[in-house]
Amino acid sequence: MSKSPMVSPAETQAACCTPLARQRIPAPAAATLAQAFKALGDPVRLQLMSMIASAEGGEICVCDLTPAFTISGTTISHHLKVLREAGLIEGERRASWVYYRPRPALLRQLSALLAVDESALA
């Protein structure tokens, strides 16, 4: 995955809180958000994101993620790296394991961007 230019959280927050149906997204914010959408565009990564975001206590160990799939641990690690690089999750190593948690600010931005107001589309 290619690296997109980094945009400050404040700039992305300001640029993306207006839904697509109401206002054009500035190019720098679009680059950052597109990377997040691209990361979520893979079925395994979307499932991983769902497991991480819905984890009890707000985080989940990689040891609990890997058994849920029929793919190798190396492939799971690759998918987690893509989600991390897109800014969707963060991880913390504790002894031998890494615990992942969602980054809610970016998830809220993606959600706000896709919000649909029927009157705006008319």
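**Salt bridges, surfaces and a ring**

Modeller: Let's start with a contact you can see above: the side chains of Glu 90 and Arg 101 meet in a salt bridge, 3.1 Å from N to O. Glu 90 lies in strand β2 and Arg 101 in strand β3, so the pair ties together parts that are 11 residues apart in sequence. This is a predicted model, in which local features need pLDDT of at least 70 and side-chain atom pairs count only at 80 or more, while totals for chains, interfaces and linings use all residues. Residues are numbered from 1 along each chain as its sequence is written, and side-chain values use heavy atoms, with hydrogens and water left out.

Biologist: Why is the contact between Glu 90 and Arg 101 called a salt bridge?

Modeller: The term asks for a side-chain nitrogen of Lys or Arg within 4 Å of a carboxyl oxygen of Asp or Glu. Glu 90 and Arg 101 meet at 3.1 Å, so the pair qualifies.

Biologist: Which other salt bridge does Glu 90 form with an arginine, here Arg 103?

Modeller: The side chains of Glu 90 and Arg 103 meet at 3.8 Å, N to O. That pair links distant parts of the chain, with Glu 90 in strand β2 and Arg 103 in the loop between β3 and α6, 13 residues apart. Salt bridges with shared partners join Glu 59, Glu 90, Glu 92, Arg 94, Arg 101 and Arg 103 into one network. The structure holds 7 salt bridges.

Biologist: What makes Cys 61 buried or exposed?

Modeller: Buried means under 20% relative accessible area, exposed over 50%, and partly exposed in between (1.4 Å probe, protein chains only). Cys 61 has 2%, so Cys 61 is buried. Cys 63, at 29%, is therefore partly exposed. Ala 95 has 74%, so Ala 95 is exposed. Ala 95 sits in the loop between β2 (89–94) and β3 (97–102), and its phi is near 60 degrees, a positive value in a residue other than glycine.

Biologist: How do you know that there are 0 disulfides?

Modeller: A disulfide is a pair of cysteine sulfur atoms within 2.5 Å. By this rule the count comes to 0.

Biologist: What makes Arg 94 lie over the face of Tyr 99?

Modeller: A charge sits over a ring if NZ of Lys or CZ of Arg is within 6 Å of the ring centre and within 35 degrees of the ring normal. Arg 94 is at 4.4 Å from the ring centre of Tyr 99 and lies over its face.

Methods: Helix = DSSP H or I, 4+ residues; strand = E, 2+ residues; numbered from the N terminus.
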